[in-house]
Amino acid sequence: MEVSNESAIKKPKRLTSIVWNHFQRIRKADVCYAVCVHCDKKLSGSSNSGTTHLRNHLMRCLKRSNYDVSQLLSAKKKKKDTSLGIANVNANYDEAQRKDEYIKPTIIKFDHEQRKDEIISLGSCRFDQERSRLDLARMIILHGYPLTMVEHVGFKIFVKNLQPLFEIVPNSSIEVSCIEIYMKEKQKVYEMINRLHGRINLAVEMWSSPENTEYLCLIAHYIDEDWKLQQKILNFVTLDSSHTEDMLSEVIINCLMEWDVECNLFAMTFDDCYADDDIVLRIKDRISQNRPLSSNGQLFDVRSVAHVLNLIVQDAMETLREVTEKVRGSVRYVKSSQVIQGKFNDIAQQIGISCQKNLVLDSPTRWNSTYFMLETVIGYKSAFCFLQEHDPAYTSALTDTEWEWASSITGYLKLFVEITNIFSGDKCPTANIYFPEICDVHIQLIEWCKNPDDFLSSMALKMKAKFDRYWSKCSLALAVAAILDPRFKMKLVEYYYSQIYGSTALDRIKEVSDGIKELFNAYSICSTLVDQGSSLPGSSLPSTSTDSRDRLKGFDKFLHESSQGQSAISDLNKYLEEPVFPRNCDFNILNWWKVHTPRYPILSMMARDILGTPMSTIAPELAFGVGGRVLDSYRCSLNPETRQALICTRDWLQVESEDHNPSSALALYAEAS
């Protein structure tokens, strides 16, 4: 008998399983069959046979067609409502585990009339193993997950329940996928960097491992065409254990050449204020072969302000080390029992101490926590003195002189805490924000050196010696960046230099003025050369005649060049002569220069490069850390190529985040203290 003559079953009750969306139930004589609509295969369709065999066939059939059927095959129909539940309970769990770990199914509601169409649309989605593999690799990169997560039992169970068609790949294959993504993203970054109209600045950071392996991290800083400050990690290089200072400069130069940015580099910022000058000199010599450096290269060599502030703070902390130990002992004693704590609180209340802060021990690896501990203890000075007189068990008492030293040095530390918070809290740390704060430090150090107490003045002299070395290298770069802030211009330099240098201030101010003029002239010449390069036959130079023998074409070119030179010369003067912009808290210097680019075409080019210079190279999370940057153990265990690929690509994939900062991203890789 032909199938066409077979009578369709009239179901006494509605078929509830979703597999019937893929089978036609027919009767042949007294036997019921289920015919697959995909391959026409006949299976038992009797109600006594159930639907398990139909589901198994459907899995094999649709897998051959590469359909995604995971949601279809895991769906269950609730008997008491019109809902579809999905429960992922693995068959490997025993009954006791099922009772304990069963999670209530997610309910997806739909109307009766829409049900069939919706289910079919789910089954029409094609599963792509290759795409899923790359998505998994991107997820691992983006969130910093370990490569070995693909071999975790829990992950395998989750993926199999979520998508049975996905073939779990070993971590070696995922590693290859990560490298593949890295190479593609690297090409995008390379093309973007080499399309920039402005120059880039390079931050050089040194990392280490718990086993003392050293790493070199290079981060490009630049201001894009939309006047947004951008940062991208270019390299994370593992240094050979036998590397020398000569080799370090070669590694940096090779990285620059790899990205083809050696001729487009404006400045380099080293995180170590005491980095060997020979390293910088070798790099400068190589760069200057292709492009002369302005201001004798003074603006090229920048040192991290965060590093010098940390060095200065460490001098203060070391000087006060013995007093700090006594302070820690005092706090430990008060907090050693509730009885002593209560007694201390009663003393403070009786004396009339208004301090509401709780005594807390510091974390020796975070110097700001030491400052907060000292500040709080000084607020309870009278209570500790009273405790000393009436409690013989209290043996960590400070002398009057030690209290004076602690109070003075805590006042010094307060300045550095405030300034570090300003630098680390700025989401757009353009170079102009540093000059006034560093000048305040300079002025305070001069005053501290005059302290009549030899203990404090000798400490201040050590601190100032470190600061002076930084100031001699970076003062011009700091000042030029401040001048390009329309709220300050030369006035801020004049204001601070008169306090710092006194009778020699005019000479120092002139040095800064000459420096910015020299830099501006270099940009003017560069701009003229660009214009000349575009002023070729057929260009848009002015023409007064269509005669091919026009003898004044040369004059037109001369007039164009000379007028360009005049406007360039007046560009800086015009900016400096105009009144300063009113100071307000909502001022955005990059927006200001974006708006005023047509008015100062050449000066804006200079501002773009200078304001993008990273004056500090430390992440906010590490700003108060005592030690250096230490890479976590997991990433230390990776091979050098994979380590660089994961760290760099994670940074590149996060560019859509407005608050993204590569230094902060790198802080996630730091070993927990």
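Residues are numbered from 1 along each chain as its sequence is written, and side-chain values use heavy atoms, with hydrogens and water left out. As the model is predicted, local features need pLDDT of at least 70 and side-chain atom pairs count only at pLDDT 80 or more, whereas totals for chains, interfaces and linings use all residues.

We may start with helix H11, which spans residues 321-334 and contains threonine 324; helices (H or I, at least four residues) and strands (E, at least two) are DSSP runs, numbered from the N terminus. With a relative accessibility of 3%, threonine 324 counts as buried, a word used here for under 20% relative accessible area, with exposed meaning over 50% and partly exposed in between (1.4 Å probe, protein chains only). The threonine 324 side chain reaches the backbone oxygen of leucine 320 at 2.8 Å. Leaving aside residues up to four places away in sequence, threonine 324 touches Thr370 and Met373, where contact means heavy atoms within 4.5 Å.

Met373 is also touched by leucine 361, along with Arg328, Val331 and Arg332, again not counting residues up to four places away in sequence. Leucine 361 sits in the loop between helix H12 (338-351) and helix H13 (367-379). Its relative accessible area is 42%, so leucine 361 is partly exposed. Between leucine 361 and arginine 332 there are 7.5 Å in space, C-alpha to C-alpha, for a pair 29 residues apart in sequence.

A search of the whole structure finds 28 of them, each being a side-chain nitrogen of Lys or Arg within 4 Å of a carboxyl oxygen of Asp or Glu. Arginine 328 pairs with glutamate 325 in a salt bridge whose closest N and O atoms are 2.7 Å apart. The two are separated by about one helical turn, because they are 3 residues apart in helix H11. Arginine 328 is buried at 11% relative accessibility, whereas glutamate 325 is partly exposed at 42%.

A second salt bridge joins aspartate 277 and arginine 303, with the closest N and O atoms 3.1 Å apart. This pair links distant parts of the chain: aspartate 277 belongs to helix H9 (residues 277-288) and arginine 303 to strand S11 (residues 301-303), 26 residues apart. Aspartate 277 is partly exposed, at 35% relative accessibility, while arginine 303 is buried at 0%.

Aspartate 485 and arginine 487 form another salt bridge, their closest N and O atoms lying 2.7 Å apart. Both partners are buried, aspartate 485 with a relative accessible area of 0% and arginine 487 with 19%. Elsewhere, salt bridges that share partners join Glu130, Arg133, Glu180 and Lys184 into one network.

Finally, the axes of helix H17 (residues 454-483) and helix H18 (residues 489-501) come within 7 Å and cross at roughly 145°; axes are lines fitted to C-alpha atoms, for helices over the stretch in contact, and angles run from 0 to 180 degrees between N-to-C directions. From H17, Trp471, Ser475, Ala479, Ala482 and Ile483 meet Lys489, Met490, Leu492, Val493, Tyr497, Ile500 and Tyr501 of H18. By class, this contact has 10 nonpolar, 1 polar and 1 charged residues, with Ala, Val, Leu, Ile, Met, Phe, Trp, Tyr, Cys and Pro counted as nonpolar, Asp, Glu, Lys and Arg as charged, and the others, Gly among them, as polar.

Key: A polar contact is a pair of N or O atoms within 3.5 Å; within protein, one must be able to donate a hydrogen and the other to accept it, and residues adjacent in sequence count only if both atoms are side-chain atoms.
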